[in-house]
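Me: I'm new to reading protein structures. Could you walk me through this one?

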Amino acid sequence: MHCREGQPELIEITLEPHGGIRGRCSQCQRPAPSYDHLPERRWSFVPLWGIPTYFRYTPRRVECAEHGVVVEHIPWSDGKRPVTCAMMGFLARWARRLSWRETAQVFQTSWESVYRSVEWFVQWGLAHRELLGVESMGVDEIHHGHGLRANNFLTVIYQIDAHCRRLLWVGRRRSQATLRRGLKALGPEVTPGLRFVCSDLWKPYLQVMAAQAGQALHVLDRFHITMHLNQAVDQVRRAESARLRTKGKEAAQRLKHMRWPLLRRGSRVRGHARQKLNALLASKLATARAWERKESFLHFWHYKSPLWAGAFLDYWCFRAMRSRLEPMRKVARMLRAHEDLLLNWFRAKGEISTGVVEGLNNKIRVVTRRSYGFRTYEAMEIALYHTLGRLPEPESTHKFC
Ligand SMILES: [Zn+2]
């Protein structure tokens, strides 16, 4: 132990090879005769009693019959990193609970070191994860950062089976090429085993999934449809609000602060917002009509048979087309064009649980928004696999967290 002014500064543990046991080849791990020594190295280990701790060791080189002169296998080390596997696992586990910066501060190391540890942990997990038995897949796009450039979108692939919900893949952009890249990365055995695919109406995804997983039932997720309806209501509200304001009418007051109450499910609006909503609905405003259209679509999800649901859909679209609300008509045209996919929701009822994709999306947003201070896109990607991938973890003799 090294101390300064009576305070422990660091602990160094010097390790020596057992005299009677030969070193092992780092390639094949078979015992081999010693060849020579490399200079002494130092690895940081998990801090003991809060004191930075290091291993010191002079690695041998061994002469393997098959691999020639190589560095011996060092069980606590992986590659050239000056950090023990135990410490990397320790930092990586804490980095799930704290931000990377906090983890670095608490354990007196650098952000870079935390990043490399998580990276090592995730890469081990990705290399050892089991992808057999993925039956339901959710594909979605997620917006992150500022602006609407292609790079501000992520394509995510989830497994959404009841027994396992996790992030399988994430990549930049939301094109056909992105999704194809993702499916390829998962390997050729995943897509043929799929029974259900869940996504939005985003065309590139529909096309790729139809081409690569034609056997799977493609379902449009309920929350995506609700999102399109909400967007339509919001467009009507904004246009009307602007129209009323130019006329300076009192009615403009009615639409003020109504964005969120209008977007919520009607039965969930309470209190003062409810009173305002009721007043708005009693008016003859276009926003009120749009809201009623949106709200009436809720019935659709209660049907049991695809046949009746189809009849309702036809009727709803007919009404929406006559509503003179262009955003609503746009939604109706879109729903009509994908009627088959929409009705698949009833064919898959009970087999895949809804809202899983939405839930996972929300978790992704927590990670991308929380002030983890990711300095690069790559770091963020690793953090996503780390928190949502449910990856297997390298074994360690001690778990500290
Ligand atoms: Zn060897």
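Me: How many bridges join strand β2 to strand β5, and do they run parallel or antiparallel?

Reply: Keep in mind that this is a predicted model. Strands of a sheet pair through backbone hydrogen bonds, either parallel or antiparallel. Here, β2 (residues 7-14) and β5 (residues 51-57) run parallel, joined by 4 bridges. Look for Ile 11, which sits opposite Thr 53 in β5.

Me: What is the order of the strands in the open sheet?

Reply: Follow β1-β2-β5-β4: that's 4 strands with mixed pairing. β1 (2-4) and β4 (41-48) are at the edges with a single partner strand each, so one side of each has no neighbour in the sheet. From one strand to the next, the twist averages 25 degrees.

Me: Now the helices. What span should helix α3 have?

Reply: Count 1.5 Å a residue: the 18 residues of α3 (residues 111-128) should span 26 Å, and the end C-alpha atoms are 26 Å apart, which agrees. An α-helix has 3.6 residues a turn, so residues three or four places apart point the same way. Buried residues in α3 include Trp 111, Val 114, Val 118 and Phe 121. The buried residues of α3 pack against α1 (85-97), α2 (100-106) and α14.

Me: Which residues touch the most other members of the largest nonpolar core?

Reply: In soluble globular proteins, nonpolar side chains tend to be buried together. The largest core here has 112 residues, and Trp 100, Met 137, Phe 297, Phe 300 and Trp 316 touch the most other members. Helix α14 (residues 377-388) gives the most to this core, with 8 residues. Another core, of 5 residues, lies apart from it and includes Cys 25 and Val 62.

Definitions and conventions
Residues numbered from 1 in each chain as written. Predicted model: local features only at pLDDT ≥ 70, side-chain atom pairs only at ≥ 80, totals over all residues. Heavy atoms only, no water. Pairing = 2+ DSSP bridges. Helix = DSSP H or I, 4+ residues; strand = E, 2+ residues; numbered from the N terminus. Axes fitted to C-alpha atoms, helices over the stretch in contact; angles between N-to-C directions. Core = buried A, V, L, I, M, F, W, Y, C linked by side-chain atoms within 4.5 Å. Buried < 20%, exposed > 50% of the residue type's maximum accessible area, 1.4 Å probe, protein only. Expected span 1.5 Å × (residues − 1). Contact = heavy atoms within 4.5 Å.
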